[in-house]
Amino acid sequence: MVVQGRRIVRVVLAAVAGVALLAAAACGGAPAPEDRTITLYNAQHEDLGRLWVDEFTRQTGIPVQIRKGGDFELGNQLVAEGAASPADVFITENSPAMSLVSGAGLFAPVDPATRAQVPAQYSSNRGDWVGIAARTTVVVYNPSLVRADQLPASILEFAQPAWQGRIAFPPGGADFQAIVSAVNALNGDAATQQWLAGLKANGRIYQSNTATMQAVNRGEVPAGIIYHYYWYQDRAESGANSANTQLQFYTDGDAGGFLSVSGGGVLASSKRPAEAQQLLAFLAGAAGQQVLARSENLEYTVGAGVPANPALKPFAELRPPPVDLNALNGPKIVQMMQQAGLL
Amino acid sequence: MTVVGRRARVGDPLRVAVASAAALLALLPVGYIAVSAVLLGPRGIVDLVWRPRVGELLVNTTVLLVATATACAVLGTATAWVTERTDLPGAPVWGALFAAPLAVPAFVTSYAWVSVLPGVDGFVGALVVTTMSYFPLVHLPVAAVLRGLDRDQEDVARALGLSAGAAAVRVVLPAMRPAIVGGALLVGLHLLAEYGALALLRYPTVTVAIYDLFESTFAGPGAIVLAGVLVVLCLVLLAVDVALVGRARRARVGSGAARRRARTPLGAARVPALLGVGLLVVAALGVPLASLVRWLLEGRSTTLEAGPLLTATVTSIGLGLLAAAVTTALTFPVAWLAVRRPGRLPRLLERTAYLGNALPGIVVALALIIVAIRLVPGLYQTTPLLITAYAILFMPLALVNLRAALVRLPPELEDVAHGLGSPPAAVLVRVTAPLLARGAGAAAALVFLAVSTELTATLLLAPTGTTTLATAFWGKATALAYGAAAPYAATMVLISVPAAFLLTRHVHAGVRT
């Protein structure tokens, strides 16, 4: 046993030495001086980010390294990194994480030509980030449990006792907080707090849009509040999580039709600002928007007048409520959700 | 009974230095929490802690922790006893199968259960899934003790007039106690930090809430305060562990091999016992593996790209091996001091090293970002920094195994080697290390398993462009591409099998008591 043990020790020591050497070799490779590689912090879906970057590199020859994470993981990471951040460009799924980084003063102004590509209501009013994609709030429902005409005219009504145990929502993520912010912007503090208290009492809490949709699909709960493209993606995949459901759109100015915008911005600390601005111009411009429209991502296009994927309900029919994206998701919203016991 | 000297020896200062470095690393995230809390001010803290939601989370966390730790202790001890001490047909195979759930990430098990039994959520779902995922943490150390237990001790107890049952309670149970308690402690620490599995099951604990808060733009302070609550919970858990383990000597002095005990015939209980272990294997292994197969077969996105899968596999294995080696080496002096030089400082160092495992990866990662980018910018987003994060998070996994192995290693062997004139380094290499090899192997294997499924710290700290099996699985699963995600989860399970196997070998070699 001792002899065998000693051999194990020797093997382990050799393995440690070998791996350490490998690690040292891997860390030693410094980038060449003429290297134009830029780093993208990608909080958008991985596949979409990859499609965008591949097309950009094909057109410009500029290589892009991708770092993948969630909206607030990467947003908080950028704030923690401060001016020392290795990131050049940051893109998200929802605008509040853009506001977080913008509020910390970490973005550079976006090139005016790029800003001109995107309607003003889908970009920062400080001119430091622009919209690159959008998703609309919808109610997903199970027709075997509730008819379309039984659904309320406003998502505010889901807080009423009639919906006790019958409405599902995912309060934990960035997605739902953007919706709460919209409710707050459109209906004021008192109504929002009341709505949140009602949802806490009535609602069934799920961890994500997908989990909410699955629960409705399985018939656990008749209706849920999610974003549209999770449903369209699942329908395109296999329908396993959505076959028994339908979508209800709110097109009359109700918060239930809130349009959340994915943003992109260039970091002020970027060491290759020209290339970084070029990437952002690509994302918001015709080329990048066409990549989005052709992809299986199924979010809406917002820039350069490129129409969305034809599988979707036409963008012009959405008629979302007017909400100032820059005013979304302040500390107040988190406080209200904490007060309601949702966070 | 405690025969441990307090003589300081050559070589101790080095061990103290390394152990202190390890403890300081573990304190780093705690320091980050403390500084953030100070910046927040007492008023801010009270506002964030003193609200009904925090009470709700504390109750959820405590109830689940006690229930799961108890369930794992009972189940793990039962499976260990039935596979090591009875004539259950195919006992070695069952023993290996009971280690195998460690190779399946808890969030995969969780997802599988949710898709099989949609109603499984809340407390009952969380209890079932976490128990199925974590009971091997008790089964393995207890099986190791049972296998190595010297029959003479029981025989002496019988000869002195105790019945078989009383001998088991007075001799076998105390021998198993450190293993049961150590395993249950790991279960508790895992639970404190578990996110993915519980989030899916709609059971909010303190850690689930911390992730939710980090998902909110301006909620940093709230998340930090909750992390502080988690540190307190961890300290309570460690205090309970100290109270339960006891300090009696467990090493055997004597020559020759320990006599193994004959297996107890199950008799009429054989069929129910087989049914029970079969059911457990179906629940803990069958359900998640069947789900993986179903994802692979369903779903349009099932197009296997061999290149990326291979890269992710190699990265996961490389990071896992490196982290396992570094963490085990870093932890050894901590465990050695705690066992061989019991005193205030070693105990403090050892307890400190446990803290990291109870903290969510995101807190550890953010603390490292803030420190590294200012103090050692050259290391930021490099492999060494990522390995450091893994070491902070997973030191306790190595510590528990090394401690258990060291406790059962008679200090006299080292003393004799010293007495015969071997320098301390030679004693370490020629006596301690070979005798500890299997314990260290188990320690490294557990760290490897944890690293191969780690997500958040990897996402935040890995060199840009790094893809591991866990991050690839997560990226695809959040995009709803379960078909595309399944090969990554399946490979995660495959690369974990050798580590799980190594853990059972540790058991079968037997550590003599």
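Modeller: The C-alpha centres of domain 1 of chain A and domain 2 of chain A lie 27 Å apart. Please bear in mind that this is a predicted model.

Biologist: Which residues make up domain 1 and domain 2 of chain A?

Modeller: Domain 1 of chain A comprises 38-133 + 261-315, and domain 2 comprises 135-258 + 330-339.

Biologist: How do you know that domain 1 of chain A is in contact with domain 2 of chain A?

Modeller: A contact requires C-beta atoms within 7 Å. By that criterion, 14 residues of domain 1 of chain A are in contact with ten residues of domain 2 of chain A. On the domain 1 side, helix H3 (71-81) and helix H4 (95-103) of chain A each contribute at least two residues. By class, that side of domain 1 has seven nonpolar, two polar and five charged residues.

Biologist: Why is strand E4 (residues 130-141) of chain A called largely enclosed by the rest of the structure?

Modeller: A residue is buried if 20 or more other C-beta atoms lie within 10 Å of its own. Twelve of the twelve residues of E4 of chain A are buried, and the strand is therefore largely enclosed by the rest of the structure.

Biologist: What makes strands E9, E7 and E8 of chain A partners of E4(A)?

Modeller: Pairing requires at least two bridges between two strands. Six bridges join E4(A) to E9 (residues 259-266), running antiparallel, and one of the pairs is Ala133(A) with Ser262(A). E7 (residues 223-227) is joined to E4(A) by five bridges, also antiparallel, and there Val139(A) has Ile225(A) as its bridge partner. Three bridges link E4(A) to E8 (residues 246-248), again antiparallel, where Val139(A) stands opposite Gln248(A).

Biologist: Which way do the residues of strand E1 of chain A point, and are they buried or exposed?

Modeller: Ile38(A), Leu40(A) and Asn42(A) point one way from E1(A), Thr39(A) and Tyr41(A) the other way, and all are buried. In a regular strand the side chains alternate between the two faces of the sheet. E1 (residues 38-42) is accordingly described as mostly covered, with five of its five residues buried. Five bridges join E1(A) to strand E2 (residues 64-68) of chain A in a parallel arrangement, and Ile38(A) has Val64(A) as its partner there.

Biologist: How do you know that the span of helix H9 (residues 273-284) of chain A agrees with expectation?

Modeller: At 1.5 Å a residue, the twelve residues of H9(A) should span 16 Å, and the end C-alpha atoms are 16 Å apart, so the two values agree.

Biologist: What makes H9(A) mostly covered?

Modeller: Ten of the twelve residues of H9(A) are buried. Among them are Glu275(A), Gln277(A), Leu280(A) and Phe282(A).

Definitions and conventions
Residues are numbered from 1 along each chain as its sequence is written. Chains are lettered from A and ligands numbered from 1 in the order in which they are written. This is a predicted model: local features need pLDDT of at least 70, side-chain atom pairs count only at pLDDT 80 or more; totals for chains, interfaces and linings use all residues. Helices (H or I, at least four residues) and strands (E, at least two) are DSSP runs, numbered from the N terminus. The expected span of a helix is 1.5 Å times one less than its number of residues. Domain bounds come from an automatic or database domain assignment. Two residues are in contact if their C-beta atoms, placed from the backbone, lie within 7 Å. Ala, Val, Leu, Ile, Met, Phe, Trp, Tyr, Cys and Pro count as nonpolar, Asp, Glu, Lys and Arg as charged, and the others, Gly among them, as polar.
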